[in-house]
Amino acid sequence: MTDISTRAGFVALIGEPNAGKSTLLNRMVGAKISIVTHKVQTTRTRIRGVAIEGPAQIVFVDTPGIFRPRRRLDRSMVKAAWGGASDADVIVLMIEAHRGMTEGVSAIIDRMRDEMPQGQPVALAINKIDRVQAEVLLALAEKLNEAFPFAKTFMISAEKGYGVKDLREWLAGQVPEGPWFYPEDQIADLPMRMIAAEMTREKLTLRLHEELPYQLTVETEKWEDKTDGSTRIDQIVYVMRDGHKGIVLGNKGETIKAIGSAARADISEFPGRTVHLFLQVKVRPNWLDEPERYSEMGLDFKDGD
C-alpha cells in the first residue's frame with residue numbers, strides 16, 4: 001500500500017458581512033462552532049474550524065465580515081479579517097449570488113489585488129445560488145473572473161450543502177504537504193468557554209433587534225465540570241446602559257430566560273453533556289473601550305486606533 005503523505009494548511013473565508021461565511025464554516029466542519037444570524041457583523045473573532053478531507057487537514061479561519069468601519073470595534077474586526085486572509089495558505093472569497101458585484105465586493109477585490117501575497121491561491125465561492133437563475137449566475141461568475149484571476153470558481157449553497165464537498169476537496173489539494181496541526185477529533189481551536197459565549201451572543205442577537213446586539217458582549221466567567229457528568233457555566237452579558245439591561249432581561253426576566261434556554265440547548269450539544277447555564281446582565285458603559293474585552297474576543301485593541 002502506498003504511503004499517502006498528509007497535508008495541512010489554513011484557509012481564510014473572506015467577504016462582506018452576511019455572505020454566509022459562518023454557515024459555510026459550520027457546514028465544512030460538521031458542527032456549529034461559528035454563530036450564524038440574520039444580522040451583519042456578528043462574527044467578531046477569527047474562529048478556526050478544522051475539517052478533514054482524505055489525508056488533508058483544513059483549518060478554516062472565519063474572519064469578521066469586511067465592511068466600512070465606523071467605531072473602534074469595527075476597525076479591529078476589519079484589521080483582523082485582513083490579517084487572517086494574508087496569513088492563510090488559501091483564500092476563499094464568498095459573495096451572495098443575488099447581491100452580485102456590490103460596491104463592497106469591488107472594494108475587497110481591489111484590496112486583494114494590492115495586498116495578497118503573490119502566488120496565494122484565491123477561490124471564488126458564489127453562495128446562495130438557489131436564489132438566482134443559471135444565466136445570471138454565469139454572467140456574474142464571468143464578470144468577477146474578469147475583475148480578479150481566481151484560481152477556481154465554485155457555485156454553492158452553504159445552507160443547503162450544494163457544492164460544498166467539491167470546494168472542500170479542492171481545498172484539500174491546495175493546502176501544503178505536512179503534518180496535521182490538531183488531533184483528529186478536534187474541530188475548533190477556540191477555548192470551549194469562548195465558543196459557549198459566542199453561542200449565547202448568537203441567541204441574544206437573534207432575539208433582540210436594532211443596534212443593541214452590537215453594544216453587548218458575553219463572557220464566560222466560570223466553567224465547572226461536575227462529578228455527576230454535567231457542566232455548570234456562568235456567563236455575564238455586558239451592556240452599555242441601564243435601558244439595555246431592561247431590554248435583555250425582558251418582562252419578569254422572560255427574555256433572558258428564553259435566551260438562556262436556547263443557548264443551553266446549543267452549548268450542551270458541543271461537549272455532549274448536560275449543561276446548566278446561568279446568565280447575569282451587567283451594565284458596563286465603556287466596555288467598547290476596554291482592552292480586556294477585545295482580548296476576550298480574540299481581537300487586538302490597538303487595531304482600532
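Two strands are taken to pair if DSSP finds at least two bridges between them. Helices (H or I, at least four residues) and strands (E, at least two) are DSSP runs, numbered from the N terminus. The model is predicted, so local features need pLDDT of at least 70 and side-chain atom pairs count only at pLDDT 80 or more, whereas totals for chains, interfaces and linings use all residues. Residues are numbered from 1 along each chain as its sequence is written, and side-chain values use heavy atoms, with hydrogens and water left out.

Strand β5 spans residues 122-127. It is joined to β4 (residues 90-96) by 6 bridges, and these two strands run parallel. In this pairing, Ile91 stands opposite Val122 of β5. A further 4 bridges join β5 to β6 (residues 152-155), again in parallel. Here Ala123 faces Lys152 of β6 as its opposite residue. β5, helix α4 (residues 134-147) and β6 form a right-handed β-α-β unit: with the strands pointing away from the viewer, the path from the first strand over the helix to the second runs clockwise.

In a regular strand, side chains alternate between the two faces of the sheet. Both faces of β5 are covered. Val122, Leu124 and Ile126 are buried on one side, and Ala123, Ala125 and Asn127 on the other. Buried means under 20% relative accessible area, exposed over 50%, and partly exposed in between (1.4 Å probe, protein chains only).

Most residues other than glycine have a negative phi. Lys128, in the loop between β5 and α4, has a positive phi near 60°. Its relative accessibility is 17%, so Lys128 counts as buried. Lys252 also has a positive phi, near 55°. Lys252 lies in the loop between α7 (242-249) and α8 (254-269). With a relative accessible area of 73%, Lys252 is exposed.
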